[in-house]
Amino acid sequence: GINAEYMGWGIVQSSLKQKQANQRQLHWEEPVQMQNQIKNQIISQSSCDCSKLLLVDDSEFNLYTLGKLINILNVKFDKAYNGLQALEIVKARIQKNECQCFYKAIFMDCEMPVMNGFEAAKILTQMMVEKIIPIIPIIACTANVLEEGIDKCKDSGMSIQLFKPVSINKIEETLKLIQII
């Protein structure tokens with residue numbers, strides 16, 4: 001099943017909300033300026049051909065299977081094999097800066113070598129708080145359905161949990177929830 005704490009404009013997560021509340025500053029802009037920025041962003045995102053998702057898993061089989069299911073839904077994605085590689089890909093995408101769109105979500109396995117998903121999610125969440133990257137959902141893909149595992153996902157910054165094996169219906173439901181399809 002899906003355990004989701006997501007609302008249209010961002011992730012509802014107590015630790016992230018608290019950090020943002022501590023750092024929040026109001027910026028007022030002229031309405032025309034704001035409309036032009038929104039218009040330019042919509043134009044650049046609609047013409048963007050970049051991958052919308054980042055899939056992170058140390059299992060080639062899991063990445064292949066998840067990728068095949070996401071391909072059915074016509075959503076482009078990039079792949080990483082551990083948390084560290086995911087962070088490197090995210091940083092490279094920021095530096096590349098070819099367009100204004102960023103990943104719309106990250107599907108993250110929890111238990112991986114080199115850097116696990118929990119550590120990577122914490123770093124990504126901090127990057128969101130510091131406004132280095134936009135606020136995007138990090139979706140845990142895990143076989144751990146125990147409450148402590150779910151809590152660990154939430155505590156690390158993963159706002160949605162998908163339990164393995166993941167079905168096309170659950171992926172589609174999740175992508176609709178976060179407004180990717």
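## Helices 4 and 5

In this predicted model, helix 4 (residues 83-96) packs against helix 5 (residues 117-129), with an angle of about 25° between them and their axes 9 Å apart. Angles under 35 degrees count as roughly parallel, so helix 4 is roughly parallel to helix 5.

Helix 4 brings Gly83, Leu87, Val90, Lys91 and Ile94 to the contact, and helix 5 brings Ala120, Ile123, Leu124 and Met127. By type, the residues of this contact are 7 nonpolar, 1 polar and 1 charged.

## The two sides of helix 6

Helix 6 covers residues 147-156, and its buried residues are Gly149, Ile150, Cys153 and Ser156. Seen down the axis of helix 6, these buried residues fall within an arc of 135°, so they line one face of the helix.

After helix 6 comes glycine 157, which has a positive phi, near 110°.

Most residues other than glycine have a negative phi, and most peptide bonds are trans. The residues below depart from one or the other pattern.

Valine 114 is not a glycine, yet its phi is positive, near 70°. Valine 114 sits in the loop between strand 6 (105-109) and helix 5. Is valine 114 buried or exposed? With 66% relative accessibility, valine 114 counts as exposed, because the cut-off for exposed is over 50%. Glutamine 179 also has a positive phi, of about 60°, without being a glycine. Glutamine 179 belongs to the segment after helix 7, and with a relative accessible area of 59% it is exposed.

The peptide bond between lysine 164 and proline 165 is cis, with omega about -5°. Proline 165 lies in the loop that runs between strand 8 (160-163) and helix 7 (168-177).

## The protein as a whole

The protein has 7 helices and 8 strands. It contains 181 residues, of which 42% count as buried.

How many of the contacts between residues at least 6 apart in sequence join residues at least 24 apart? The share in this protein is 67%.

Notes
Residues are numbered from 1 along each chain as its sequence is written. This is a predicted model: local features need pLDDT of at least 70, side-chain atom pairs count only at pLDDT 80 or more; totals for chains, interfaces and linings use all residues. Side-chain values use heavy atoms; hydrogens and water are left out. Buried means under 20% relative accessible area, exposed over 50%, partly exposed in between (1.4 Å probe, protein chains only). Helices (H or I, at least four residues) and strands (E, at least two) are DSSP runs, numbered from the N terminus. The arc is that of the directions from the helix axis to the C-beta atoms. Axes are lines fitted to C-alpha atoms, for helices over the stretch in contact, and angles run from 0 to 180 degrees between N-to-C directions. Angles under 35 degrees count as roughly parallel, over 145 as roughly antiparallel, 65 to 115 as roughly perpendicular and the rest as oblique. Contact means heavy atoms within 4.5 Å. Ala, Val, Leu, Ile, Met, Phe, Trp, Tyr, Cys and Pro count as nonpolar, Asp, Glu, Lys and Arg as charged, and the others, Gly among them, as polar.
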